[in-house]
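Please keep the structure in view while reading.

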There are 2 protein chains.
Amino acid sequence: MSEHVHSDEGDALLKDASLRITKPRQAIARVLVDAEDHPDAEQVWSRARENDPSVSQATAYRTLAVLAEKGLLRTHTFDGSATRYELAERPHHDHLIDVETGEVREFVSREIERLQARVAEEHGYEIIAHRLELYCRKAG
Amino acid sequence: MSEHVHSDEGDALLKDASLRITKPRQAIARVLVDAEDHPDAEQVWSRARENDPSVSQATAYRTLAVLAEKGLLRTHTFDGSATRYELAERPHHDHLIDVETGEVREFVSREIERLQARVAEEHGYEIIAHRLELYCRKAG
DNA sequence: AATGCACTTGCGAAGCATTCGCAAAAATAT
DNA sequence: ATATTTTTGCGAATGCTTCGCAAGTGCATT
């Protein structure tokens, strides 16, 4: 019986951002909730259109921008390519990239984070975000 | 007395890249040698034109691309903005970016580097290179 | 110093990713 | 229901960067 509560995780995301629940945004939010990778705007748009073919590119970009700005999405810009997105609620992590295989591992080091905060503080700044990438090869 | 040898650091840079010494490239190379910041292509172009007003934008971009590709320049892409360049021979450092002004500060933390090495080691890797960027705003 | 040829140049056009302006359409408030 | 505020899709515009090409230049060789 009991149908699922109508507002799923996607809608919750939109509500958290105090955005009106619209069909295009639902299509986009669902993509983000389901994503297990770090899609860029083009990919989000394309996947969203599988849910609702009428979603426009502009709306994809706009929605991503708002969600990111409100802190519900985290953005990554690996090198010079398109910005990639992921849910901010996912636990924070940095990346260790195997330069030979391209494999990416996630890691967290509280110690490093603490030191980063200290560096920023010494410069009179507070950290809003950071990016740490280790390009490695298997130890011989 | 002794005038400086004509081929200065700029020319040396071009030679290292096995590029023909041309006036536009000299103007650009000099900019890079003199730069104490991390200029983007537009800035490099603009500064190069102070040395030689005829340097074209395309040549600025092309020269930067070649020098970077040959490992003589290091590139940085802070968030989604324009690619910035610096001489590769400069000592290693990480970056603290003021998200409001775009100002970039350099820092080095031996402690952080040591911890990075440890993280890599724990994963069975050794670090070849890394990138650490702190996106900050002035502390209230 | 003149020659030849590959490499470079400047120009404008083209290419991406992303953003904007706007009038129509949808969502909330009244 | 109706008024009010947002949001949408469209296409055009932007910003950074790359390309194609004909004309120009560096440089190894005579």
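What pattern does chain A follow when read along the sequence? The pattern is α-α-α-α-β-β-β-β-α-β, with five helices and five strands in chain A, where helices (H or I, at least four residues) and strands (E, at least two) are DSSP runs numbered from the N terminus. This is a predicted model, in which local features need pLDDT of at least 70 and side-chain atom pairs count only at pLDDT 80 or more, while totals for chains, interfaces and linings use all residues. Residues are numbered from 1 along each chain as its sequence is written, and chains are lettered from A and ligands numbered from 1 in the order in which they are written.

The C-alpha trace of chain A spans about 55 × 40 × 35 Å along its principal axes. Of its 140 residues, 24% count as buried, a residue being buried if 20 or more other C-beta atoms, placed from the backbone, lie within 10 Å of its own.

In chain A, helix H2 (residues 23-34) and helix H3 (residues 41-51) pack at an angle of about 115 degrees with their axes 8 Å apart; axes are lines fitted to C-alpha atoms over the stretch in contact, and angles run from 0 to 180 degrees between N-to-C directions. The contact (C-beta atoms, placed from the backbone, within 7 Å) involves, among others, Ala27(A) and Val31(A) of H2(A) and Val44(A) and Ala48(A) of H3(A).

In chain B, the buried residues of H2(B) include Ile28(B), Val31(B) and Leu32(B), and the buried residues of this helix pack against the following elements of chain B.

| Element of chain B | Residues |
|---|---|
| Helix H1 | 9-16 |
| Helix H3 | 41-51 |
| Helix H4 | 57-69 |
| Strand E1 | 73-76 |
| Strand E2 | 84-87 |

Between the chains, 33 residues of chain B are in contact with 33 residues of chain A. On the side of chain B that touches chain A, strand E4 (104-107), helix H5 (110-122) and strand E5 (125-138) each supply at least two residues, and the largest share, 14 residues, comes from E5(B).

Note on methods. Two residues are in contact if their C-beta atoms, placed from the backbone, lie within 7 Å. A residue is buried if 20 or more other C-beta atoms lie within 10 Å of its own, exposed if 12 or fewer, and partly exposed in between; C-beta atoms are placed from the backbone.
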